[in-house]
Amino acid sequence: MKDVVDGEDQETLTGQRSLWRHRGFLLLWGAESISELGAQFSILALPLLAVSVLGADEWQLGVLNAAGTAAFFVVGLPAGAWVDRWLKRRVMIFADVVRALAIAVIPVLWWLGALQLWHLAAVAAVVGIGTVFFDVSYQSYVPVLVTGPQVAEANSKLEASFQVARIGGPALAGALLAVAAAPVLLVWDSLSYVFSGALLWRVKDGEVRADRSTRRRLASEIAEGVRYVAREPLIRRVVGTTATSNLFATLTFTLLPLLVLRDLHLGAAGLGLILSVGAVGGLLGAIATPCLSRRVGEGRLISVSAVALSVMLALIPLAATAPQYALPILLAAEFCQSFAVMTYNITQVSLRQRLCPPQLLGRMNASIRFVVWGVMPFSSLGAGLLGDWLGMLPTMWIAAAGALLGCGFVVFSPLTGMRRLPAGPPAAQVPQRADSA
C-alpha cells in the first residue's frame, strides 16, 4: 500500500530522503515544539495558582487534575472514530484554536480580580478535550505524513523536541515568576497554540477524507477499534502496563506540587528545576532510544523501561523522609524516570503504529488513550481522597508498589524476548469492512 507524503516529496516514496528535508514534517515538528514549550508554562502556572494563590488542598488539587484528564475518558472513544472520518491536520488546527481561547480566559479573569478554583478546573477540562482530539489526530497523522521506515525516527525527533521544551519551559517559567505573576505565563501558552495552528495550516499533504459510502454507525466503528486493541496480544500487554503505570503514577504526580511547594518549601523555582532536570533525562532518553533498541532489543527495551520508571517512583516519597537531601533525590528521580518514560513511549508507540492497519489508526489510538489516560481522572480524585485519609507519603508508597506490579503485563510476555518488533500488520489481521447497515 502506497504511503501518502508531503506534496514536495512525492518522488521519495521509498522513505530514503532525510526528514530534515521533509517540509511537511518540519512544519509539524515546529508546531509541536512551540505548543509544547507554551504548555510547560501552564504545567507550572496552574498548580502554582491553585496552591499558592487560591489555597488549594489535596482534594481540590485532585479535582483540578481530574478535570484536565477527564476528557480522555468522556470523549476518548468517539474521538478516534471521528478522527478516522475527518482530515487529521484540520482537527489539529481546530484543537489548537480551542485551546488558545480557553487558556486566554485565565489571565483575563485574574486581571478582573474574579479568578476562582472552579475557573481553573473548567479551563483545564476544555483544554483537555482539545488535547484529546489533537493527540489522537497527531499520532495518527505521523504515518500519513512520513513513510513507514521513517515513523520511528519521526517519533524520536518529536519526543526529543518535547523534552527540549520540558527542559527550557519550567526553568524559564520559574525565572519569569520572579518578575511576573503566574497568570501572565499563560498568555504565552495561549499564543503558542496560535503559532502551532498557523504552522500546521502551511503543511501540504495528500490526505483524503474517508469515503462516506464506507461509513457505518459510530458505535460500530468505535467497537472495531476496541476489538482490534483487545485481540492484538502485544498491544494488549502494552495497554495493561501503561494503564496500570498511569493509574498509580498519577497518585504521586497529583500530590507532587503540594509536596514541593507546601511541605518541602522548595518554591516555584524548585518545582521548575525539578521538572527541567527531569526533562533532561527525557531528552537523553529520546536520543538514546534508537541505540538502546539495537543493543538491548526493541521488545526487551519496553519491559526494562517499564520496570525502571516504576522503581523511580519510590524515590519521591523517599525524598520527603530526608528533607535536607530532598532536592537532589527528587532531581535524580525525575531524571531517571523521564529517561525511562521516553524509551518506553517511543518504542511502544512505534510498535502500535507498525502493527495497526492504517484505516484503524485513529480508533486504535483513541481506544488505547481511553484506557491509559481514562484512568487518570479517577486516580487524581483518589489521590485527593487518599491524601486526606492516609496522608501524602503513604499514598505515594502505594503508588510505587502498584506501578511495579503493573510491569508484569510486558515483563512476562513475548516482548521481553524480542530483539526486533514486528515490521507491519499481519495480512490476516487487516480487517475487511462489512457492508454498511
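I count a residue as buried when its relative accessible area is under 20%. The model is predicted, and I read the entries below with that in mind.

Entry on helix H5. I looked up residues 117–145, which form H5 with 29 residues. From first C-alpha to last, H5 reaches 40 Å, close to the 42 Å expected at 1.5 Å a residue. I found a kink of about 25° at Gln139, shortly before the proline Pro143. I then checked burial: 23 of the 29 residues of H5 are buried, so H5 is largely enclosed by the rest of the structure.

Entry on aromatic pairs. I noted eight aromatic pairs in the structure. One of them joins Trp82 and Phe133, with ring centres 6.2 Å apart and planes at 15°. Planes under 30 degrees apart count as stacked, so this pair is stacked. Trp82 sits in helix H3 (residues 76–85) and Phe133 in helix H5, 51 residues apart, and the pair thus links distant parts of the chain. Trp82 is partly exposed at 28% relative accessibility, whereas Phe133 is buried at 15%.

I looked next at Trp188 and Phe195, a tilted pair with 6.0 Å centre to centre and 55° between the planes. Trp188 is partly exposed, at 27% relative accessible area; Phe195 is also partly exposed, at 39%.

I also traced a cluster in which ring pairs link Trp20, Phe25 and Trp29.

Entry on a charge over a ring. I found Arg99 over the face of Phe134, at 4.6 Å from the ring centre.

Note on methods:
Residues numbered from 1 in each chain as written. Predicted model: local features only at pLDDT ≥ 70, side-chain atom pairs only at ≥ 80, totals over all residues. Heavy atoms only, no water. Helix = DSSP H or I, 4+ residues; strand = E, 2+ residues; numbered from the N terminus. Expected span 1.5 Å × (residues − 1). Bend = angle between axes of the 7 residues up to and from the residue. Buried < 20%, exposed > 50% of the residue type's maximum accessible area, 1.4 Å probe, protein only. Phe/Tyr/Trp six-rings, centres within 6.5 Å; stacked < 30°, edge-to-face > 60°. Lys NZ or Arg CZ within 6 Å of the ring centre and 35° of its normal.
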